[in-house]
Amino acid sequence: MSNEPNTRVTVVDIQMPFWSMVVFMVKAAIASIPAVFILTVIASVFMAILSALFGSGLR
């Protein structure tokens with residue numbers, strides 16, 4: 001590691017072709033589907049544990 005002081009960088013422009021950006025966004029949207037499914041399963045298990053410990057509140 002060097003002893004140089006940190007310098008700040010500001011990005012002002014990203015040059016990317018429109019269709020490349022569209023393809024990237026479509027891939028990101030498709031990749032988010034399994035992620036949402038996994039997070040839903042984790043949240044369901046967590047809520048089931050809490051319901052088992054403290055009661056479901058429905059009587």
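Mentor: A note on the annotation must come first: UniProt positions are given here in the numbering used for this chain, feature names are shortened, and annotations may be inferred rather than shown by experiment. The model itself is predicted. With that understood, the unreviewed UniProt entry lists residues 28–54 under "transmembrane region".

In the model, this span is 100% helix and 0% strand, and its end C-alpha atoms lie 38 Å apart. The chain contains one helix and zero strands. That helix, α1, comprises residues 18–54 and includes leucine 39.

Leucine 39 is also one of the residues of a nonpolar surface patch of about 980 Å², together with Phe37, Ile38, Val41, Ile42, Val45, Ile49, Leu53 and Phe54. Leucine 39 has a relative accessible area of 57% and is therefore exposed, because the term applies over 50%.

Of its 59 residues, 0% count as buried. The accessible surface comes to about 6,200 Å², and 70% of that belongs to carbon and sulfur atoms.

Finally, consider two aromatic residues outside the annotated span. The chain has one aromatic pair. Phenylalanine 18 and tryptophan 19 form this pair in an edge-to-face arrangement, with 5.1 Å from centre to centre and 75 degrees between the planes. Phenylalanine 18 counts as exposed at 59% relative accessibility, and tryptophan 19 counts as exposed at 64%.

Note on methods: Residues are numbered from 1 along each chain as its sequence is written. This is a predicted model: local features need pLDDT of at least 70, side-chain atom pairs count only at pLDDT 80 or more; totals for chains, interfaces and linings use all residues. Side-chain values use heavy atoms; hydrogens and water are left out. Patches are made of residues with over 30% relative accessible area and no salt bridge: like charges are joined within 9 Å, nonpolar side chains (Val, Leu, Ile, Met, Phe, Trp, Tyr) within 5 Å. Accessible areas come from the Shrake-Rupley method with a 1.4 Å probe; for residues, only the protein chains shown count as cover. A salt bridge is a side-chain nitrogen of Lys or Arg within 4 Å of a carboxyl oxygen of Asp or Glu. Helices (H or I, at least four residues) and strands (E, at least two) are DSSP runs, numbered from the N terminus. Buried means under 20% relative accessible area, exposed over 50%, partly exposed in between (1.4 Å probe, protein chains only). Rings of Phe, Tyr and Trp (its six-membered ring) pair if their centres lie within 6.5 Å; planes under 30 degrees apart count as stacked, over 60 as edge-to-face and the rest as tilted.
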